[in-house]
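Keep the cut-offs in view.

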Amino acid sequence: IFGGAMTVTGMLGMIEAFVPNATQSLEKLAYLVPQGWAFNALTTNMTGNIDLNFWLLILGNLAWAAVLFFIGNMRFRKRFA
């Protein structure tokens, strides 16, 4: 189940790579998963556009990391405490 969920969220996050002429609404769907933030930061970095948008993508990645760490920490405490 975990592998399937990671595959689906990974494909959703990289929708711009699979659908080159994606609409704005499809591109916004990528921001629902952490992989979308990471993929967009990577492609922005590869094009050399290190601007405010790039740093916002990095902050988005850090926000996802904090949220997922909090969820994992709560589940860990509940299981082993």
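Is Thr 44 buried or exposed? Its relative accessibility is 12%, so Thr 44 counts as buried. Buried means under 20% relative accessible area, exposed over 50%, and partly exposed in between, with a 1.4 Å probe and protein chains only.

The model is predicted: local features need pLDDT of at least 70, side-chain atom pairs count only at pLDDT 80 or more, and totals for chains, interfaces and linings use all residues. Residues are numbered from 1 along each chain as its sequence is written, and side-chain values use heavy atoms, with hydrogens and water left out.

Thr 44 sits in helix α4, residues 34-47. Helices here are DSSP runs of H or I, at least four residues, numbered from the N terminus. Leaving aside residues up to four places away in sequence, Thr 44 touches Asn 49, Phe 54 and Leu 57. Contact means heavy atoms within 4.5 Å.

Phe 54 leads on to the rings. Phe 54 is buried, at 9% relative accessibility. Trp 55 is partly exposed, at 49%. There are three aromatic pairs. In one of them, the ring centres of Phe 54 and Trp 55 are 5.1 Å apart and the planes meet at 75°, so the pair is edge-to-face. Rings of Phe, Tyr and Trp (its six-membered ring) pair if their centres lie within 6.5 Å; planes under 30 degrees apart are stacked, over 60 edge-to-face, and the rest tilted.

Back to α4. Met 6, Thr 9, Gly 10 and Gly 13 in α1 meet Gln 35, Gly 36 and Phe 39 in α4.

Conventions:
Helix = DSSP H or I, 4+ residues; strand = E, 2+ residues; numbered from the N terminus.
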